[in-house]
Amino acid sequence: MTEAIETGTAADLVRRPGLTPQDGLVLEIEDLVVQHRRERSRELFTAVDHVSLSIGPGESMGVVGESGSGKTTLAMAATALGAPGTGTIRLLGRDLRSLKRAELRALRPEVQVVFQDPHGSLDPRQSVRSGFKELRALQPRRTDWIDDEDLVGRVRLAPDLLDRYPHQLSGGQAQRVCIARALMMRPRLIVADEPTSGLDVSVQADVLELLREARRTTGASMLFISHDLAVVRSICQRVVVMYRGAVVEQGDAEQVFARPRHDYTRRLLAAMPGSRWRAGR
Amino acid sequence: MARGEALLELRSLTITASVADRQLLLLRDVELEVRAGEVVGVVGESGSGKTTLARSVVGLLERNVQVATGRIELVGEVLVGPGTDLTHTARGRSVGMVFQDASRSLNPLMRVRRHLSEVLERHVDGIGRDEVRARSTEVLRRMRIDDPDRVLDSYPHQLSGGLRQRVAIALAVVTNPALVIADECTTALDVTTQAEVVALFRELVDELHIGLLFVTHDLMLASDLCDRIAVMSQGEVVEVGPTDQVLRHPTVDYTRRLLAAVPHWTEGASATHA
Ligand SMILES: Nc1ncnc2c1ncn2[C@@H]1O[C@H](COP(=O)(O)OP(=O)(O)OP(=O)(O)O)[C@@H](O)[C@H]1O
Ligand SMILES: Nc1ncnc2c1ncn2[C@@H]1O[C@H](COP(=O)(O)OP(=O)(O)OP(=O)(O)O)[C@@H](O)[C@H]1O
Ligand SMILES: [Mg+2]
Ligand SMILES: [Mg+2]
């Protein structure tokens with residue numbers, strides 16, 4: 001394991017005004033190791049290699065890194081949806097490993113996950129509208145729901161999509177339905193895995209604004225996985241760079257991108273598409 | 001295939017969908033062609049009809065979607081037109097397709113190795129086991145997968161999103177088809193891997209003179225790869241021309257708006273100076 005380059009530490013973060021002390025962290029991961037067993041050879045493969053990070057209330061943390069570097073595995077472990085691994089994970093102050101099934105279920109609405117594959121994460125037998133209805137039933141006592149039309153409008157979808165089934169939506173439309181589903185629950189933590197990868201720039205801008213607004217108005221925190229550095233830079237205060245399972249650099253997003261210190265971060269920046277167009281702009 | 005020869009022609013293609021008791025217009029009078037040795041980009045906002053266009057060529061439209069009028073010709077053969085069966089399958093040797101959701105290209109119950117051997121055996125007459133093995137490994141290496149054996153032995157759910165996407169691309173190109181249609185095929189890739197996949201496509205186009213219909217919502221990516229660009233809006237092709245012309249001198253308002261929305265990557269963090 002190599003030491004990650006740190007630009008500003010988690011300790012700095014909790015000392016920042018407006019943030020509650022250590023025990024108020026929304027997500028705290030210490031020394032997480034997650035291994036997958038390989039088919040055939042049965043060897044263990046380390047997908048997440050001694051990762052530590054923390055996210056404070058209202059803070060958004062970006063995760064960037066090459067394909068297969070362990071971003072999704074990390075997010076799934078952090079939300080108790082995937083392989084648990086070893087190390088400590090505290091979600092909303094609770095140690096995930098000591099939680100009983102029922103306690104975990106009670107925590108679910110507070111942590112919403114937007115998965116990498118939007119079509120795969122929507123129930124194919126359910127229209128958009130009945131999917132919303134089912135989510136509302138999870139919190140029967142809540143009365144301040146926004147209505148369906150308003151909800152889809154916020155992700156820039158037309159109301160007539162409400163009665164469609166997932167396979168009748170375009171890729172970007174399905175992605176926005178997933179985002180609407182996550183936001184309607186008013187979670188304290190949103191884990192979003194490439195949530196805007198299928199969206200063109202104009203819709204993407206609106207969706208990012210919506211996520212920012214959710215942070216402002218409800219104080220939600222975010223773990224935002226994306227390979228799009230410009231997007232991460234525009235929405236995340238802090239960023240971790242993963243390479244082969246390990247965090248190789250982390251810190252203030254502006255600083256990491258302006259003055260990348262790890263070689264891999266530099267390579268990521270150099271490979272951004274559009275150099276031909278930007279050059280002549 | 002000689003460079004410049006017409007591979008794919010779409011002529012006044014109109015496609016509709018029935019939802020409840022309504023007819024929706026998904027594509028309207030689309031005209032487009034792809035020639036051997038060129039990359040045609042299809043860009044446009046979410047819901048503008050890009051996937052519908054791509055799928056119509058391989059005959060894999062949803063059940064409630066129909067070709068209303070128009071023609072699709074592939075290497076001179078009429079796939080869709082008056083009197084043709086609309087459930088054609090122009091897949092395999094002549095067209096390789098990469099779907100927007102990799103789960104559509106991959107069967108969850110099959111290892112990657114079997115996916116590749118099935119397409120190779122179906123489309124390459126008399127191919128032997130050793131050659132299947134060699135070509136499978138080689139195509140994954142070309143996708144910049146450095147441990148092809150592990151990936152070959154994996155089921156799709158055991159792969160990361162980007163690995164699944166590269167396997168889907170490998171399946172589409174492994175038989176050297178004349179035309180490749182790629183629908184948002186790099187959305188799960190980090191920029192370095194994306195750059196290499198794009199370079200690989202360019203190589204296939206320049207060396208083997210395949211035609212590539214490259215669907216993307218990413219204008220910058222299209223600007224790096226495509227020879228020509230078609231801009232779609234609300235089911236219509238509103239602008240088509242050489243890449244530089246479309247991006248530098250857009251003639252329709254819609255293209256200008258798309259370009260204006262590209263996020264700025266301001267100085268100090270300029271990628272090229274990093
Ligand atoms: N089976 C269907 N039934 C009804 N409408 C459909 C169906 N499939 C697609 N549509 C609609 O047709 C329009 C075009 O969809 P398409 O998937 O072609 O868009 P796209 O340009 O690929 O968008 P994206 O960038 O989001 O993937 C969308 O408004 C979509 O909701
Ligand atoms: N269930 C599993 N069994 C075995 N290996 C797995 C499993 N899930 C993931 N892996 C492997 O672990 C590594 C990390 O995967 P992960 O999905 O976390 O990567 P990622 O950073 O999200 O990549 P991408 O950007 O491509 O989505 C990959 O090599 C992947 O193939
Ligand atoms: Mg992933
Ligand atoms: Mg699409």
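**Notes on the ligand 2 site and its surroundings**

1. Around ligand 2 there are 21 residues, and those that come nearest are A:Gly68, A:Lys71, A:Thr72, A:Thr73 and B:Gly162; a residue counts as around the ligand if one of its heavy atoms lies within 4 Å of it. Chains A and B both contribute residues, so the site is shared between chains.

2. A word on conventions: this is a predicted model, where local features need pLDDT of at least 70, side-chain atom pairs count only at pLDDT 80 or more, and totals for chains, interfaces and linings use all residues. Residues are numbered from 1 along each chain as its sequence is written, chains are lettered from A and ligands numbered from 1 in the order in which they are written, and side-chain values use heavy atoms, with hydrogens and water left out.

3. A backbone N or O atom of A:Gly70 lies 2.9 Å away from one, a side-chain N or O atom of B:Arg150 is at 2.8 Å, and a polar backbone atom of B:Gly161 is at 3.2 Å. On its own the ligand exposes 640 Å², of which the protein buries 89% (Shrake-Rupley method, 1.4 Å probe).

4. Buried here means under 20% relative accessible area (1.4 Å probe, protein chains only). Among the buried residues are B:Gly161 and B:Gly162.

5. Finally, the magnesium ion (ligand 4) has B:Thr51 (OG1) and B:Gln100 (OE1) as protein donors, 1.9 to 2.2 Å from it (donors are N, O and S atoms within 2.8 Å of the metal, or 3.2 Å for Na, K and Ca). These two residues are 49 residues apart, and both are buried.

Definitions and conventions:
Buried < 20%, exposed > 50% of the residue type's maximum accessible area, 1.4 Å probe, protein only. Helix = DSSP H or I, 4+ residues; strand = E, 2+ residues; numbered from the N terminus. Polar contact = N/O pair within 3.5 Å; in protein donor to acceptor, adjacent residues only side chain to side chain.
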